[in-house]
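Here is a short briefing to read beside the structure. Keep the model open as you go through the points.

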Amino acid sequence: MSAKILSGKVFAQQIKEAAVAKAKEIEAQYGVKPGLAVVLVGDDPASQVYVRNKDKACAQVGLHSEVVNLPATTTREELLATIDRLNADPSIHGLLVQLPLPEGLRGCEKEVINRIDPAKDVDGFHPINVGRLVTGEPGLVSCTPAGCLRMLELAGIPIDGKRAVVVGRSNIVGKPMASLLMSRNATVTVCHSHTRDLAAITREADILVAAIGKPKFITADMVKPGATVIDVGINRVAPHKLVGDVDFDAVSEVAGAITPVPGGVGLLTVAMLMANVVQAAEQQLAHK
Ligand code: NDP
């Protein structure tokens, strides 16, 4: 059996097209473009690439975009003051601080996330937005799991009543992914590094999400024939080679549908960020 490839490019394009249309409506109604500000502290090369991609995506979708570059020597107080300024800026509807923070600010990540106005928290990391997700209230949801869910919906993959297994329980991916799947009536199991007999659990999954951070960790014998496999992992195994958490070649012989790496979930994440900025702008402008 050869799995259907769920191309991140195709679904990201659909998510972005919807964001373009919504951004145009907002501009026509309120006379402002939805705006995103990204704060980048220090000069980590991977973070610089991520921030450039977000800036480029804003240009494609027709959003206002600001990148605030701060030196690695920035103090906690200076960073918090920057967040306060952007929280108060009416041209900015979405605000995120690129993580990880440099060495000197490592202990401040929670405080930084909590300082962002929840209405502008387009990463969906603020405890208020996490709480809204868990309690089923509308809010901003972490872009990677939100993108995965949107892809499943756009691909017409049934979720209601299905068995879903999420491997990984991070606050950014695993936990919100599990909440989203549960909100769509899947029966969800979350696995982590203490899970016993992982393969027996993953083999029960109609929808298997791998968010582990270990190259090719999910092997063909861990996958139920015909399952949908979503590979969130991004692992650099050589200077120019990225692989996912799923052994793509072998698993695609067993699965019914699978996302590739690269070209899968990573593209959905940026597209979903655009959708979140537009959603945040709409909410803020409607309640002015
Ligand atoms: P974390 O390191 O925060 O979490 C990894 C999770 O995997 C943990 O819950 C950990 O369990 C679990 N885990 C580790 N080893 C095992 C094991 N042997 N068996 C079962 N579970 C295990 O990672 P993230 O969630 O932030 O990211 C996961 C991957 O997704 C990474 O490769 C990351 O680069 C990628 N990523 C991709 C994004 C995209 O846009 N495509 C966005 C965000 C992340 P425990 O909790 O017990 O430690």
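A salt bridge is a side-chain nitrogen of Lys or Arg within 4 Å of a carboxyl oxygen of Asp or Glu. The whole structure holds ten salt bridges. This is a predicted model: local features need pLDDT of at least 70, side-chain atom pairs count only at pLDDT 80 or more, and totals for chains, interfaces and linings use all residues. Residues are numbered from 1 along each chain as its sequence is written, and side-chain values use heavy atoms, with hydrogens and water left out.

**Salt bridges**

- Glu25 pairs with Lys22 in a salt bridge, and their closest N and O atoms are 3.2 Å apart.
- Both Glu25 and Lys22 sit in helix H1 (residues 8–30), three residues apart, which is about one turn of the helix. Helices (H or I, at least four residues) and strands (E, at least two) are DSSP runs, numbered from the N terminus.
- Glu25 is partly exposed, at 46% relative accessible area. Lys22 is partly exposed too, at 28%. Here buried means under 20% relative accessible area, exposed means over 50%, and partly exposed is in between (1.4 Å probe, protein chains only).
- Arg76 and Glu77 also meet through their side chains, in a salt bridge of 2.8 Å from N to O. Arg76 is partly exposed, with a relative accessible area of 34%.
- Glu103 forms a salt bridge with Arg106, where the closest N and O atoms are 3.8 Å apart. Glu103 is exposed at 65%, whereas Arg106 is partly exposed at 40%.

**The ligand**

- How many residues surround the ligand? The shell has 21, and the closest are Arg169, Ser170, Ser193, Ile234 and Thr269. A residue counts as near a molecule or strand if one of its heavy atoms lies within 4 Å of it.
- The shell divides into eight nonpolar, eleven polar and two charged residues. Ala, Val, Leu, Ile, Met, Phe, Trp, Tyr, Cys and Pro count as nonpolar, Asp, Glu, Lys and Arg as charged, and the others, Gly among them, as polar.
- Helix H10 (residues 265–286) gives the most to this shell, with three residues.
- A side-chain N or O atom of Ser170 is 2.5 Å from an oxygen atom of the ligand. For Ser193, a polar side-chain atom lies 2.6 Å from a ligand oxygen.
- Ile234 uses its backbone: an N or O atom there lies 3.1 Å from an oxygen atom of the ligand.
- On its own, the ligand has 930 Å² of accessible area, and the protein covers 70% of that. Such areas come from the Shrake-Rupley method with a 1.4 Å probe; for residues, only the protein chains shown count as cover.

**Cysteines**

- A disulfide is a covalent bond between the sulfur atoms of two cysteines. The cut-off used here is a pair of cysteine sulfur atoms within 2.5 Å.
- The whole structure has zero disulfides.
- Cys58 is buried, at 0% relative accessibility.
- Cys148 is in no disulfide either, and its nearest cysteine sulfur, in Cys143, is 11 Å away. Cys148 is buried, with a relative accessible area of 0%.

**A loop residue**

- Ala72 lies in the loop between strand E3 (64–70) and helix H3 (76–88). Ala72 is partly exposed, at 40%.
- Ala72 and Pro102 are 30 residues apart along the chain, and their C-alpha atoms are separated by 6.1 Å.

Conventions
A polar contact is a pair of N or O atoms within 3.5 Å; within protein, one must be able to donate a hydrogen and the other to accept it, and residues adjacent in sequence count only if both atoms are side-chain atoms.
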